[in-house]
Amino acid sequence: MRSKAEELHKIIIQLETDRYDYEQRKLTQELDLKELKERQKAQLRAKALNKGLDPESFTGKYPPKIRMYSKYERRTDTRSYDDRKKMYEGGWEVVRAEHLEGVWKEKYDEWSKRPAKKLPKWFGERPGKKAGEPETPEGEEGEEAAPVEEEYDEEEEEEEYDEEEE
C-alpha cells in the first residue's frame, strides 16, 4: 500500500511540474508574440511613411480597400465605399420605403396642384350665408356645367364620325 501511495505521489508531482512548465512556456510565447506584433507594426509604419501615407494606414486602423468588379463587364466599380456599404444595409425594406415615399410625394404634388372645389351642398342653410342672399352665388353653377356639356357633345360627334366611316 505504501509503495502504491509513493508511486501515485511521484506521478502527481511530475504532473504538477509539467503543468507549471507549460504555463511558463505559454507566458513566454505570449510575450514573444506581443513583441513580434509591435515590430511588425513599426515596420508597417515605416513603410507607410516612406510612401508618404498616414503612419497608421497599414497597421489596421482603417478597413482595407474593397475592390469590386462587375460580373459581366471587365471594369472596376467606381462607387465610393459609403455607396457600396449602403447597398448591403437594410435590404428590401429600405428600397420599398424609399419607393413608397417617392410615390406618395408624386401623388401629393398632383393633389396639391388640383383646383379647389366648391364646398359641398348643405341641407338647409349654407354655413356663412347671410340673410337674404341667394342659394348659390351668381355664376358658380353655370360655369361648371357648361364645359361638361361641351365635352359630352364632342364625344357624341366623334362617335357619329366613327360610325359613318365604317
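In helix α1, K26 and E30 are four residues apart and are therefore separated by about one helical turn. Helices (H or I, at least four residues) and strands (E, at least two) are DSSP runs, numbered from the N terminus. The model is predicted, so local features need pLDDT of at least 70 and side-chain atom pairs count only at pLDDT 80 or more, while totals for chains, interfaces and linings use all residues. Residues are numbered from 1 along each chain as its sequence is written, and side-chain values use heavy atoms, with hydrogens and water left out.

The structure holds five salt bridges.

| Salt bridge | Closest N and O atoms |
|---|---|
| R19 and E23 | 3.7 Å |
| R39 and E35 | 3.0 Å |

R39 and E35 are likewise placed in helix α1, four residues apart, which means that about one helical turn separates them. Salt bridges with shared partners join E16, R19 and E23 into one network.

E23 is partly exposed because its relative accessible area is 40%. E30 has a relative accessible area of 43%, so E30 is partly exposed. E35 also has a relative accessible area of 43% and is partly exposed.

## Other features of helix α1

Which residues form a nonpolar patch on the surface? The patch consists of L8, I11 and L15, with about 280 Å² of accessible area together. Patches are made of residues with over 30% relative accessible area and no salt bridge; like charges are joined within 9 Å, and nonpolar side chains (Val, Leu, Ile, Met, Phe, Trp, Tyr) within 5 Å. Accessible areas come from the Shrake-Rupley method with a 1.4 Å probe, and for residues only the protein chains shown count as cover. I11 lies in helix α1 and is partly exposed, because its relative accessible area is 43%.

T17 is another residue of helix α1. At 36% relative accessibility, T17 counts as partly exposed. A polar atom of the T17 side chain lies 2.7 Å from the backbone oxygen of Q14.

Rings of Phe, Tyr and Trp (its six-membered ring) pair if their centres lie within 6.5 Å; planes under 30 degrees apart count as stacked, over 60 as edge-to-face and the rest as tilted. By this rule, the count comes to two aromatic pairs. One of them joins W104 and Y108, which are stacked, with 5.3 Å centre to centre and 10° between the planes. Both W104 and Y108 lie in helix α3 (residues 92–113), four residues apart, about one turn of the helix. W104, Y108 and W111 form one aromatic cluster.

Is W104 exposed or buried? With a relative accessibility of 54%, W104 counts as exposed. Y108, at 43% relative accessibility, counts as partly exposed.

Definitions and conventions:
A salt bridge is a side-chain nitrogen of Lys or Arg within 4 Å of a carboxyl oxygen of Asp or Glu. Buried means under 20% relative accessible area, exposed over 50%, partly exposed in between (1.4 Å probe, protein chains only). A polar contact is a pair of N or O atoms within 3.5 Å; within protein, one must be able to donate a hydrogen and the other to accept it, and residues adjacent in sequence count only if both atoms are side-chain atoms.
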